[in-house]
Amino acid sequence: MQYAEKNLPTKQPSSSEEARIPCADGNQGWQSRSSASSCERAQTSDAASLLGFRLPKECRLRKPKEFQLVYSQGKRFDGRYMTVFVLPFEGDFHKLGITASRKSLGKSHNRNRAKRLLREAFRLNNPLLYSMKKRYLWVLNAKRSLIGTKLQAPLEELMQIIEAVKAEEGCENV
């Protein structure tokens, strides 16, 4: 006797136990959801709506030379949760690069969470960023203290750093 035959229950459930009972509306709820356009479904689903917040490729620092340029020529701002390097840029938009090293943050899930927090803090500060006169290349380096925090703390810290950059921007023009 095979294993599957030995472990099958001898009593089969009656067909009425698992039978689907039709509702009075005749399953109209399912039909109305499926007839909704994909745009409408994306707005109702949280995960799908978050896809529109992706940082465009032209707004990212991707090459090591770009990071090195910001590190060598940019200005450094230290905070509790991150170190920020900023370099003025002659473009139409700000560019962002994020680093989360294994040495400072450890396991990959910690590094990924830190990068998500920093990216979201940057995205939520977009109105403040685009109120600045110049555009900048930004490199955000995550620190170990970022691991156990919620979004609010790095969001406020980045806001303070942006204000400091903005204040220095005003001083340079005078």
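Why does F122 count as buried? Its relative accessibility is 4%, and buried means under 20% relative accessible area, with exposed being over 50% and partly exposed in between (1.4 Å probe, protein chains only). Before the close-ups, please keep in mind that this is a predicted model, where local features need pLDDT of at least 70, side-chain atom pairs count only at pLDDT 80 or more, and totals for chains, interfaces and linings use all residues. Residues are numbered from 1 along each chain as its sequence is written, and side-chain values use heavy atoms, leaving out hydrogens and water.

View 1. Helix α8 spans residues 108–124 and includes F122; helices (H or I, at least four residues) and strands (E, at least two) are DSSP runs, numbered from the N terminus. Setting aside neighbours within four places in sequence, F122 is in contact with H94, L96, L129, W138 and L158, where contact means heavy atoms within 4.5 Å. I162 lies 40 residues from F122 along the chain, and their C-alpha atoms are 9.9 Å apart.

View 2. Strands β1 (residues 75–78) and β2 run antiparallel and are joined by four bridges; two strands pair if DSSP finds at least two bridges between them. Look for D78, whose bridge partner in β2 is T83, and for K75, which stands opposite V86 of β2.

**View 3. Strand β2 beside β4.** Six of the eight residues in β2 (residues 82–89) are buried, leaving this strand mostly covered. Eight bridges connect β2 with β4 (residues 135–142), and the two run antiparallel. Within this pairing, L87 faces L137 of β4. In a regular strand, side chains alternate between the two faces of the sheet.

**View 4. E169, a buried residue with no salt bridge.** Helix α10 (residues 152–173) holds E169. E169 is buried but has no salt bridge, and K134, the nearest side chain of opposite charge, is 5.7 Å away. Here Lys and Arg count as positive and Asp and Glu as negative, while His and the chain ends are not counted. A salt bridge would need a side-chain nitrogen of Lys or Arg within 4 Å of a carboxyl oxygen of Asp or Glu. Apart from neighbours within four places in sequence, the contacts of E169 are M132, K133, K134 and Y136.
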